[in-house]
Amino acid sequence: MGKVNLTLLLAAVAIVIIIAIALIFPLERLGQLYSLLLIFGGLVALLLRSIFAKEVDRRIIFLFIFVAVAAPLLFPITFSEKPTAVVKAVFDRVESLPPGSTVLLSFDFDPAMAPEVQPMANAISRHCLKKGHKVIFMSLWATGQALLTQSLTNTILPEFPEKQDGIDYVNIGYKAGNEGVLNVIVSNFEKMFPTDVNSVPLGEIEIFDDIRSCRDLDFIVSFGGGLPGSKEWVLFVGDPGGVDVAAGVAAVVAPQLYPYYPAQLVGILGGVKGAAEYEFSLKETYPDLKDMDTPGLKMMGPQTLAHIVIISFIVIGNIIYFRGRRKEKGQ
Amino acid sequence: MRKVTIIVMAAVIVLFLASWILKAGAFQGEHDHYIIRGFLVTFAAFLTLAVMSFLYQDNPYYKFAEHLFVGVSAAFWMCMGFWTTIVQNLVPRLSTSLADFFEVPQRAEGLNFFFYTPVILGILLLLRLSRKIGWISRWPLAFIVGTTAGLNFIRYLRSDFIKQISSTFVPLLGRDWEGIGAFFSNLDLSATGQLVMMVSNWVIFLGVFCGLIYFYFSREHKGVFGAGSRVGIWILMITFGASFGYTVMGRISLLVGRITFLFRDWLELI
């Protein structure tokens with residue numbers, strides 16, 4: 001009976017706190033506040049449970065991660081990003097190229113990588129077109145071509161209606177052959193890509209008037225996270241062709257590319273954090289782009305909360321482990 | 001079949017149909033094929049939830065989604081292989097009439113009979129399906145392995161070996177060293193400043209050196225050598241930790257992608 005009364009009392013206190021918060025805080029902040037209360041309250045409860053050496057079901061962890069990711073999507077929490085040197089190097093490189101330079105953007109990823117790679121691909125495409133560079137879009141992944149078309153038709157081109165196909169940008173699409181394609185285009189584009197995606201011969205496309213191979217390009221950015229990807233661009237085009245290459249990659253791959261920075265890679269955008277930093281730099285430099293869609297920045301809210309939850313669970317797991325070890329020693 | 005299973009299955013079917021009808025209704029007027037679009041969005045949401053249901057426990061919905069994914073992937077890559085490699089890359093170089101049949105543009109350089117070699121090697125590779133003459137498939141396989149190794153050898157030697165070693169030779173005093181007095185009088189704590197450069201160059205130098213010591217097994221890891229080895233293992237652990245951190249970030253991004261789909265495209269909450 002005493003236990004039931006205590007539970008009722010706690011429930012009543014919780015309801016009073018919730019109503020008090022609802023009256024004090026502005027309406028648009030309530031969702032965020034309740035989500036944070038739910039997550040951190042739950043974590044404290046689990047911490048207490050672990051201190052009293054009770055087991056935590058693995059499904060509780062999954063539930064927490066789900067709430068930590070879902071809540072900031074429903075009630076957006078955004079953070080400002082300070083661009084790191086490795087991301088700023090890519091931004092500065094695009095910024096420092098004179099207008100009219102030719103930049104190649106390769107969409108070497110699939111739908112599984114799209115949530116983290118597509119935001120950075122869109123941001124750099126936007127930046128290049130904004131600066132007046134000529135952009136060649138291509139893909140070494142079959143699945144990349146559909147995502148490239150999606151980016152162009154849904155996001156990039158509607159923002160730049162004045163840009164003309166073949167003059168300001170061109171989509172030469174996907175070509176099968178992995179590293180073999182790179183090995184050929186480092187000396188001749190036309191051998192691998194006789195036409196663009198609209199079946200227009202490369203010889204009739206204005207952008208290719210002065211471009212015969214990758215060696216004639218001013219800058220290359222490869223977006224990916226698998227094979228072939230940024231590493232192959234360095235190995236088969238950047239180093240032998242003497243062309244500047246940058247990488248925008250899925251977070252899993254980023255640590256493997258750091259040894260190439262800064263000698264062989266101009267810079268690296270690693271995962272959604274890299275995308276968010278690039279979007280932040282773009283918005284800061286170009287105030288007229290302040291209303292652009294920033295999926296990278298939006299994803300940093302769920303990322304931050306999910307990381308806090310994961311770190312908390314690592315702490316809780318260690319508490320359970322060390323308590324168990326002390327108990328064993330005691331026995 | 002258990003009663004609970006039948007109830008759950010019935011509930012899933014009812015929810016699926018309800019979602020399909022509602023989504024098709026929402027797309028009416030926006031899309032020409034609104035019924036198909038409604039089905040596709042509902043089916044994508046169902047598959048997402050089916051895969052996520054594995055986190056609770058293994059179940060037939062997860063199994064269905066898994067098998068469907070494997071089957072569709074295999075079929076997709078087979079079709080892509082045929083249309084992008086054989087039709088687009090090979091056919092225009094072999095036959096004008098075949099190129100016309102598949103409606104692929106002719107190559108400017110014309111036909112090249114040298115490309116019959118990969119056709120023959122490709123057919124030989126398929127002989128693996130035969131028990132009697134399956135051994136012939138080792139020849140094209142050996143050709144593939146040999147060509148790949150030869151092609152990659154020079155690239156890796158230059159980019160992953162020579163250039164990586166030269167990148168390790170960094171100035172330990174940072175760039176433009178003008179003496180200790182000038183260093184302290186112009187002390188710069190920014191990320192590109194001389195102090196930070198000096199520290200990071202020392203980390204690269206010691207990290208590589210101690211990492212190599214850890215993997216040198218011809219001498220017992222004792223004394224100064226042992227201390228170097230211990231620093232080496234710390235460097236390795238920090239590297240693995242950074243990789244793990246990046247992996248967590250990547251996986252969370254994928255989850256964000258799926259939840260965004262559920263909330264935006266399916267439930268229209270955001």
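**Close-up views of chain A**

**View 1. P262(A) is found in the loop between α10 and β6 (268-270) of chain A.** Helices (H or I, at least four residues) and strands (E, at least two) are DSSP runs, numbered from the N terminus. The peptide bond between Y261(A) and P262(A) is cis, with omega about 5 degrees. The model is predicted: local features need pLDDT of at least 70, side-chain atom pairs count only at pLDDT 80 or more, and totals for chains, interfaces and linings use all residues. Residues are numbered from 1 along each chain as its sequence is written, while chains are lettered from A and ligands numbered from 1 in the order in which they are written.

**View 2. A cis peptide bond runs from L227(A) to P228(A).** Its omega is near 0 degrees. P228(A) sits in the loop between β4 (219-224) and α9 of chain A. Most peptide bonds are trans.

**View 3. N178(A) and S199(A) have positive phi without being glycines.** For N178(A), phi is about 45 degrees. N178(A) belongs to the loop between β3 (169-174) and α7 (179-185) of chain A. N178(A) is partly exposed, with 17 other C-beta atoms within 10 Å. Phi of S199(A) is near 65 degrees. The loop between α8 (189-192) and β4 of chain A holds S199(A). S199(A) is exposed, with 10 other C-beta atoms within 10 Å. (Buried: 20 or more other C-beta atoms within 10 Å of the residue's own; exposed: 12 or fewer; partly exposed: in between; C-beta atoms are placed from the backbone.)

**View 4. Helix α5 (residues 114-131) packs on helix α11 (residues 271-285) in chain A.** The angle is about 25 degrees and the axes are 8 Å apart. Axes are lines fitted to C-alpha atoms, for helices over the stretch in contact; angles run from 0 to 180 degrees between N-to-C directions. α5(A) is therefore roughly parallel to α11(A) (angles under 35 degrees; over 145 is roughly antiparallel, 65 to 115 roughly perpendicular, the rest oblique). Residues meeting here include M120(A) and I124(A) from α5(A), and Y278(A) and L282(A) from α11(A). Contact means C-beta atoms, placed from the backbone, within 7 Å. Of the 18 residues of α5(A), 16 are buried. Just after α5(A), G132(A) takes a positive phi of about 85 degrees.

How values were computed:
Contact = placed C-beta atoms within 7 Å.
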